[in-house]
Amino acid sequence: MIKILISSCVMGNKVRWNNSTRHYPELHQWAQDKGIELVPVCPENELFGTPRQNIRLVQVGDSVEGRMGKEEVYKQMIKKSRELFSRHPDARGFIGLANSPSCGISVGVKNRGSVMKGTMHLTSPVPSCEANQLRTEEGRQKFLNRVLKHHASVAQLDRASAF
Ligand code: SF4
């Protein structure tokens, strides 16, 4: 069985800042059909609990800050994202949520003039996508191909290091 991490709110858990979910129920059946284990993770819930204040990314000089009210939390977000991946070294992919500063791919950053990856995608050692890219069969197959390719290369490295 292939293990893929997924944003917990996409799995239907009420862990968004305002206690809501962004459930994609069709992904449960897809995972079951393809022999995939979906493992929910939520960096922000682990760091700050739910409900919590909304986090916004802001460009300040050469740095990006994560503003949660008056608190600067970007370094904590990066550290937690890394920790989640190291907690699951057997994961072969990550499915996130659009627009989240942690789990989105093209996240708005105030005063930057361009978008950037959320912390989970920035720190991901595995292929990653957003749930909305998996709405079609073609999108799901495309992501699965990336995951399987990565899985095969890890297995090859494991065999090589066993000699
Ligand atoms: S941090 Fe990620 S998993 Fe948690 S609520 Fe936000 S988008 Fe969902």
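This is a predicted model: local features need pLDDT of at least 70, side-chain atom pairs count only at pLDDT 80 or more; totals for chains, interfaces and linings use all residues.
Strand 6 (91-96) contributes to two pairings. Strand 1 (2-7) and strand 6 run parallel and are joined by four bridges. Within this pairing, L5 has F94 of strand 6 as its bridge partner. Strand 6 also pairs with strand 8 (residues 128-130), again in the parallel sense, over three bridges. Here F94 stands opposite S128 of strand 8. Strand 6 is mostly covered, with six of its six residues buried.

In soluble globular proteins, nonpolar side chains tend to be buried together. In this model, the largest nonpolar core has 23 residues. I4, L5, I6, V10, I95 and A131 have the most contacts inside this core. The contacts of A131 can be listed in turn. Apart from neighbours within four places in sequence, A131 is in contact with V10, Y24, L27, I95 and L97. Two of these partners, V10 and I95, are themselves among the core residues with the most contacts.

The ligand is surrounded by 13 residues. S7, C9, C42, S100 and C103 are the closest. Helix 2 (residues 43-48) supplies the largest share of this shell, three residues. By class, the shell around the ligand holds six nonpolar, five polar and two charged residues.

Methods:
Residues are numbered from 1 along each chain as its sequence is written. A nonpolar core is a set of buried Ala, Val, Leu, Ile, Met, Phe, Trp, Tyr and Cys residues joined through C-beta atoms within 7 Å. A residue is buried if 20 or more other C-beta atoms lie within 10 Å of its own, exposed if 12 or fewer, and partly exposed in between; C-beta atoms are placed from the backbone. Two residues are in contact if their C-beta atoms, placed from the backbone, lie within 7 Å. A residue is near a molecule or strand if its C-beta atom, placed from the backbone, lies within 6 Å of it. Ala, Val, Leu, Ile, Met, Phe, Trp, Tyr, Cys and Pro count as nonpolar, Asp, Glu, Lys and Arg as charged, and the others, Gly among them, as polar. Two strands pair if DSSP finds at least two bridges between them.
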